[in-house]
Amino acid sequence: MSVIYLLLGISIIVAIIFFIAFIVSVRSGQYDDSYTPSVRMLFDDELVKESSTLRGTKQTVKSDKKSQSKQIDCSATLAIENKKSIQLNKSLNN
Amino acid sequence: MNKNNCYHCGEDCSVTPIHFDEKIFCCNGCKTVYDIFSSNNLSYYYDLQAAAGASPKVVQGKYDFLDDAAIIERLVAFNDEHLQIVNLYIPHIHCSSCIWVLENLNKLIPSISTSQVDFPKKTIRIHYNPEKTSLKEVVILLTHIGYEPYISLDDFDNKKKDVDRSLLYKLGIAGFAFGNVMFLSFPEYFDLSSSKASGGEYWLNQYEGVFRWLMFTFSLPVVFYAGIGYFTSAYKGLRSKILNIDVPIALGIIVLFVRSTSEIIFDWGPGFFDSLTGLIFFLLLGKFFQQKTYSFLSFERDYKSYFPIAVTRILENRKEETTQVHNVKRGDRLLIRNEELIPVDGILINGNANIDYSFVTGESEAVHKNSGDKIFAGGKQLRGAIEMEALKSVSQSYLTQLWSNSVFQDDKSSKFQTLTDSIGKRFTIFVLTVAFSASIFWTFYDPSKVLNVFTAVLIIACPCAIALASPFTLGNMLRIFGKKKFYLKDTQTIEQLAQIDTAIFDKTGTITTAKKSIATYEGLELTKEEEALLKNTLRASNHPLSRSLYELLAEQDIVTLDEYEEHLGKGIEGSIDESNIKVGSANFVGKIASDDAKNTAVHISTNDMYKGCFVFKNQYREGVAEVFKEMSETLQLAILSGDNEGEKERLEALLPKLTPLYFNQKPPDKLEFIKSLQNNGKKVMMVGDGLNDAGALAQSNVGIAISENVTIFSPACDGILDATKFKELCSYILASKKAIKIIKWSFVLSLMYNVVGLYFAVTGQLEPVIAAILMPLSSISIVVFTTIATNILGKKLR
């Protein structure tokens, strides 16, 4: 029956590991600003997309002005991104 | 988006927009920012949010002081040969675009390694290599893209403050221990470990000592670290002979701990470790909830937050040098550039001084000064540079001296007894009476149970729910007010606000707006030609009154004047063809002895014949009359103005009859006025705006600052009200009164729980499981009740 010592020991060790993780995260300032990271994490994906879209737009302008369909595509994706960002900003303003 | 609005900042582009890259811009500044962003692959900025920018204001030489190594040393958070870290406060940060562009600063200056925005605080932390760039370059870049950092004397004097995270640690420890103790007491809850004879589980019974001592170990850090604040607060209260709410709490904690420990030592029972850790966890949770702070606002500002770090001093050989404001001595010659603040009292030597005292007095109209006039610290020079001679040092100036008054050293909160504390006193007496009378009863009936009953009463009566009612109600109220743009310093301010019976208002800038002014024309009517001539003459003048009058007059065709002359300190003169116009002071236009010197007026004469004058009047905020009418029903009102009596009649017409009006009140007078009211037993609310109200705001029970732009200019106060919400002020006061009522109702509710608990305690049948159910149940129902009630209250507010 002394297996209960083992079980208790394991459960307490796991709890203490999480507790230490909490203390470390508070110490490193993760709880000081609980808001900005929630906005920041939404940028990264769009940032990658954006830079490619942007290059795309520039190339179309340089190479041929007739290929406007491509530009329309670009502006469509941008419009979608716009919508996302409007939602984002709504949440910011609340 | 409107077609005629600037692509960068969203302002109306007026008549002459600038076209660039198929977009329109209101000014060259905005166009430049767009150009910088688009040429650096940062135009995603505009996709995130349309028109998020601000048009940059760049003033030559404004940041020259950042060349000074001593100043840099004070401003940066970390300084090393290869790395400097600086935290800058940028008031313009307001949307996701701002975060995005500011965190991509390294695309503009590659030597910036990282930049991180703290959105709630509106600050940015920039890491850069000082060998390749400098703080000045970084700040100028930020200014160029419309994110001008706000650097004031306060940044210079304040040494870096450490963030206090102890409450988070305590909460973490209490939560951690609470969860684990609950988990360890499950065998007890299911009664599995009761004696073998009554059918208890054999193997759990065998190990109950392990479980109990583990619970004891977990409770140690909770009592001696997380709960330590309650002991010190109760001790402080007792030493100053006050029975505050922490006294019964501390008593409850001690009794819980001692009784539980002795129970497990002598093997009487499992103890109340679950209730003990739970109690402290819930109490800390309440504290955490109450601690809502508006980190982007500051309620403790003194003049240092407004004053610049450095000024330009002119040496005897006419050389300019940048010097720290603290080093300015009497007799120094200072150069005040466009848009710079005058740091000390002095005499104007030369230059065209138009000084805006709006954040000293709230007066929106700039004041014109002539060489030789005395100018006071706190004014902002508009248009052009001036040279002045300092008469005093910074700390001795007329305005800054106000801060040496003792009200600024006093801590208002220590004197105020909160509702919870006043209840706590009666509650402690009640609980002790019950505990002792129950023990006396049991002494005669069954002496073996005396100790059990006595401790059980103290345990169950521990006023957890009472202590939670106020933090949760007021904390939630604080958030609701914050959403309505009424920012309060702490929850105590709501309690104080509910108690006020007198409200004192400042006039200029508080009940008048700083943005608009209106002028009425008195005199002979002007012909069409004369009006056109007037407008064209005003166009050439830079005098603040001419500018405001120019804005107010109807559009006229632009005509080039044949002659134009500006007479400093008197007025302006212009002529087209045969007609000639003089605009300016009464004497200048040939009107003898002005009878109405109290109002600001611009007099006009054409062809040497006096026509009339434009009288400038204050524009009152929307709904002033209604606010005063509503408030006069429950409160005593008065107006304290630093101005002359020029507006007296208009105010009397606007406000409820017999509202006392006091004019020509200097800042110390305002403070004394409030003090004398308080000495007569009044609870005073002061509503003001400028630095000249700072003394009165600090002295009053509740000082509310009205601000057009909450992030920048507001003196030290208890609350900041956005100017657009001025008309709601009365409903906010009523709401805080209702919030106090909610607290009183939740006291009744929690007392009911206590009565039930006391029944078990007094009859000597308090089992740990009853305590473990009652305590969280009462706490949670109080939290639910107050949250719902305050949210209903908040829905009614606008």
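I began at B:Ile460. Leaving aside neighbours within four places in sequence, I found B:Ile460 in contact with B:Gly757, B:Leu758, B:Phe760, B:Ala761, B:Leu766, B:Ala771 and B:Leu774. Contact here means that two C-beta atoms, placed from the backbone, lie within 7 Å.

Ground rules next. I am reading a predicted model, where local features need pLDDT of at least 70 and side-chain atom pairs count only at pLDDT 80 or more, while totals for chains, interfaces and linings use all residues. Residues are numbered from 1 along each chain as its sequence is written, and chains are lettered from A and ligands numbered from 1 in the order in which they are written.

**Cores**

I looked up the core around B:Ile460. The largest nonpolar core has 190 residues, and B:Ile280, B:Val457 and B:Ile460 have the most contacts inside it. Helix α27 (residues 729-762) of chain B gives this core its largest share, 13 residues. Another core lies apart from it, with 16 residues, including B:Leu538, B:Ile581, B:Ile604 and B:Phe616. A nonpolar core is a set of buried Ala, Val, Leu, Ile, Met, Phe, Trp, Tyr and Cys residues joined through C-beta atoms within 7 Å. Buried means 20 or more other C-beta atoms within 10 Å of the residue's own, exposed means 12 or fewer, and partly exposed is in between; C-beta atoms are placed from the backbone.

**Chain totals**

I counted 28 helices and 28 strands in chain B. Helices (H or I, at least four residues) and strands (E, at least two) are DSSP runs, numbered from the N terminus. Of the 798 residues of chain B, 43% count as buried. In chain B, 66% of the contacts with a separation of 6 or more join residues 24 or more positions apart.

Chain A has 3 helices and 0 strands. Its elements run α-α-α from the N terminus. Buried residues make up 3% of its 94 residues.

**α27(B) with α28(B)**

I went back to α27(B) for its helix partners. The axes of α27(B) and helix α28 (residues 768-796) of chain B come within 10 Å and cross at roughly 165 degrees. That makes the two roughly antiparallel. Axes are lines fitted to C-alpha atoms, for helices over the stretch in contact, with angles from 0 to 180 degrees between N-to-C directions. Angles under 35 degrees count as roughly parallel, over 145 as roughly antiparallel, 65 to 115 as roughly perpendicular and the rest as oblique. The crossing of α27(B) and α28(B) is right-handed. For handedness, the near helix is turned from the far one by less than a right angle, anticlockwise if left-handed and clockwise if right-handed. The residues of this contact divide into 13 nonpolar, 7 polar and 1 charged. Ala, Val, Leu, Ile, Met, Phe, Trp, Tyr, Cys and Pro count as nonpolar, Asp, Glu, Lys and Arg as charged, and the others, Gly among them, as polar.

**α27(B) with α16(B)**

Helix α16 (residues 419-445) of chain B packs on α27(B) at about 15 degrees, with the axes 13 Å apart. The pair is therefore roughly parallel. I noted a right-handed crossing. From α16(B) come B:Leu419, B:Ile423, B:Val434 and B:Ala438, and from α27(B) come B:Ile740, B:Ile743, B:Phe747, B:Leu758 and B:Val762. By class, this contact has 9 nonpolar, no polar and no charged residues.

**α7(B) with α10(B)**

I checked one more pair. Helix α7 (residues 166-184) and helix α10 (residues 208-226) of chain B have axes that come within 9 Å and cross at roughly 160 degrees. They are therefore roughly antiparallel. Their crossing is left-handed. Their contact has 13 nonpolar, 2 polar and 1 charged residues.

**Loop residues**

Most residues other than glycine have a negative phi. B:Lys122 has a positive phi of about 60 degrees. B:Lys122 sits in the loop between β5 (112-118) and β6 (123-128) of chain B. B:Lys122 counts as buried, with 20 C-beta neighbours inside 10 Å.

B:Lys485 has a positive phi of about 65 degrees. Its loop runs between α18 (464-483) and β16 (486-488) of chain B. B:Lys485 is partly exposed, with 15 other C-beta atoms within 10 Å.

B:Ala385 is partly exposed, with 17 other C-beta atoms within 10 Å. Not counting residues up to four places away in sequence, B:Ala385 touches B:Leu335, B:Ile336, B:Arg337, B:Asn338 and B:Gly351. I also took its C-alpha separation from B:Met752, 367 residues apart along the chain: 71 Å.
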